[in-house]
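Here's a quick briefing to read alongside the model. Keep the viewer open and follow along topic by topic.

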Amino acid sequence: MADFIQLLPDHVANQIAAGEVVQRPASVIKELLENSIDAGAGHIQVVIKDAGKTLIQVVDDGKGMSLIDARMSFERHATSKIKSAEDLFSLKTKGFRGEALASIAAIAHVELKTKTEEEEVGTCIKIEGSAISSQEPCVNPKGTSICVKNLFYNIPARRNFLKSDAVESRHIIDEFQRVALAHPHITFSLHHNGSELFQLPDTNYRQRITNIFGGKTNEKLVPVNEDTEIVKISGFVGKPEFAKRSRGEQFFFVNDRFIKSPYLNHAVVAAFEGLLKDKAYPSYFLYLQVDPKSIDINIHPTKTEIKFDDEHSLYAMLRSAIKHSLGQFNVAPVLDFDRDAELDTPYSYKNRNAETPKVEVDRNFNPFQDERNGTNYNPGNSTYKKDTSPSWESLYSGLENETNLNTGLDQVEFESEEVTGNLFGTQEEKPEASTFQLHKKYIVSTLKSGILVIDQSRAHSRILYEELLKNITISAAVSQQLLFPLKLQFSTQEMEMLKELKDSLEQTGFIFSEIEKDTVEISGIPTLIAESEVGMLLEQLFSDFENDVPDNGFSQTDLLAKSMAKSMAVKSGTALNNSEQQHIANRLFACKEPSLTPFNKSIFITLTVDELEKKFT
Ligand code: ADP
Ligand code: MG
């Protein structure tokens, strides 16, 4: 029988390797940044065009390469960083596999310019699809500059697989931040399509974090420090009250390398136990130094997962170090009886007199209010009395303008002109009689043929979702003007998303009066939302966009409407009065798809008289 097996040509092998190492433009940035750091650079500049699809350029002032090395660097398994397998266990460099440049050169047009300290002139090499097309001397300062153009030009399937520029540049910013956070003493800059996204000076860890995530970050950080035989832990955790709605600000670095570790993440979350609200994620920037012998980095081609020898001890130490910090900085209660109480008092409070506690009196409370209809409208000033949880006030805030609340409930029932009422066979009955709330979660209503049970939160999310979609795509919503503009701070990454979503958000009623580097000033918000909820809503939005990267205009609009509807919907556990129940029921059945939430969950069930009768047999 003939033999079939043959060795693959180099350029094919390189392309296959590239499949693992280079998934998207961001992977190229990561590899090039790591090479620059390994070369001892003090300044690194990154320039990208069209989210890295047309150009990625990384310029460093590291040690550069000789002519021979420059040529060698594009060979597969060509590395200056390890010599033997044992070296794998004493790694001090980011790279060691010797395949990044070979992989990149297999799938893009690459131009390398480099010069060492000793040499007079540098080397310029052009290479495409693994073949060197030119090599000549060139003028270059000490260091290396690599241009990667037209990524995946020869693999159309991969090129088509790339996401929108907005999504790809988000991945690039992610990688850039991870590297920059690990190396505060290196100066970094990032420019995209001619505009500067980051300019990070040489500084310390705390300042680097602040430079990346915005001015106010500094006050939110609690330092963590622990020195043990097996690990040295340093860095910061965010105070629990600033916990985010996304995992966007969670970073572990092991020996200056960003890594992902669900296990260690668990240790951090465990340290925060009892301090976080539901669905809040603590921020952390934790730097672990361990003996390179005790870890294996070579378990994943992108080197973001590593194996620790003694994961259990690491877990315990991390958790206790963070607990200790949170306690020490007065963020969490401590049970330490030997402690001098003075030390725990923040300086600014030491010489202050204790304030008399204030009792909030509700001046609008009216004991003679008619309880039968359960309303709490105050005829005096026609504002809404807050008897329910704060998020609730938003549901009806738009209503006040539209209806004369003083005239009672009947008007509310007809507030929505689109009411079809098809499920409500008992139109002639007084509306107040036909609904009640069960468990602060369900709205129960009678039908001609039985009973209707509506999940209030789900119903409201459907109503809001359809309304928001309409606002974004057809007719812009009205805004409520804020007396004092709201200033909110976000990270560069989040600000990029904000700019991307700005037009759509404005359609829903937001008015952005100023957008600066890390701050946005908001002078108007949608009528259906309370001012206090805006920060939370935007954070949720960014987190949803981060997790569920939309790929085109349509899915972007859809995701925006879904996310806002989720944040704004009245929650389970909120007491609703009769008119509010009616309002939700009426509006729900005016929706295009009243039976399912935007997330495809059922909104209501019906129980027919027949079914009831069966139960009684
Ligand atoms: P690795 O980083 O795993 O060694 P790469 O393919 O990324 O593999 O790089 C191959 C070699 O090219 C490196 O080992 C290094 O010697 C050299 N090199 C790459 N980038 C640079 C740079 N920016 N400055 C100096 N040398 C570099
Ligand atoms: Mg490398």
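**Overall picture**

The protein chain exposes about 31700 Å², and carbon and sulfur atoms supply 52% of that. Keep in mind that this is a predicted model. Here's the rest, by topic.

**Fold and packing**

- In terms of secondary structure, you're looking at 19 helices and 22 strands in the protein chain.
- The protein chain runs to 617 residues, and 48% of them are buried.
- Take the contacts with a separation of 6 or more in the protein chain: 68% of them are between residues 24 or more positions apart.

**Around ligand 1**

- Ligand 1 is surrounded by 18 residues, and the closest are Asn35, Thr79, Ser80, Lys81 and Gly98.
- Sorted by type, that shell around ligand 1 splits into 6 nonpolar, 8 polar and 4 charged residues.
- Lysine 81 has a side-chain N or O atom 2.6 Å from an oxygen atom of ligand 1.
- The backbone gets involved at alanine 100, where a polar backbone atom is 3.2 Å from an oxygen atom of ligand 1.
- For a nitrogen atom of ligand 1, look at threonine 144: an N or O atom in its side chain is 3.2 Å away.
- How much of ligand 1 does the protein cover? Of the 530 Å² of accessible area that ligand 1 has on its own, the protein covers 93%.

- Cysteine 138 is in no disulfide, and the nearest cysteine sulfur, which belongs to cysteine 124, is 5.0 Å away. With a relative accessible area of 12%, cysteine 138 is buried.
- Cysteine 147 is in no disulfide either; its nearest cysteine sulfur is that of cysteine 124, at 9.2 Å. Is cysteine 147 buried or exposed? Its relative accessible area is 10%, so cysteine 147 counts as buried.

**Two loop residues with positive phi**

- As background, most residues other than glycine have a negative phi.
- Aspartate 50 isn't a glycine, yet its phi is positive, at about 50 degrees. You'll find aspartate 50 in the loop between strand 1 (43-49) and strand 2 (55-60).
- Aspartate 50 has 30% relative accessibility, so it counts as partly exposed.
- Histidine 439 is another residue other than glycine with a positive phi, in this case near 60 degrees. Where does histidine 439 sit? It's in the loop between strand 16 (435-438) and strand 17 (442-447).
- Histidine 439 comes out at 70% relative accessibility, so it counts as exposed.

**Leucine 91, a buried loop residue**

- Leucine 91 is in the loop between helix 3 (67-72) and helix 4 (100-106).
- At 10% relative accessibility, leucine 91 is on the buried side of the 20% cut-off.
- Which residues does leucine 91 touch, leaving out those up to four places away in sequence? They are Ile82, Phe96, Pro292 and Ile297.
- Leucine 91 and lysine 293 are 202 residues apart in sequence, but their C-alpha atoms are 8.2 Å apart in space.

Definitions and conventions
Residues numbered from 1 in each chain as written. Chains lettered and ligands numbered in written order. Predicted model: local features only at pLDDT ≥ 70, side-chain atom pairs only at ≥ 80, totals over all residues. Heavy atoms only, no water. Helix = DSSP H or I, 4+ residues; strand = E, 2+ residues; numbered from the N terminus. Buried < 20%, exposed > 50% of the residue type's maximum accessible area, 1.4 Å probe, protein only. Contact = heavy atoms within 4.5 Å. Areas by Shrake-Rupley, 256 points an atom, 1.4 Å probe, with all protein chains shown as cover. Near = heavy atom within 4 Å. Polar contact = N/O pair within 3.5 Å; in protein donor to acceptor, adjacent residues only side chain to side chain. Nonpolar A, V, L, I, M, F, W, Y, C, P; charged D, E, K, R; others polar. Disulfide = S-S within 2.5 Å.
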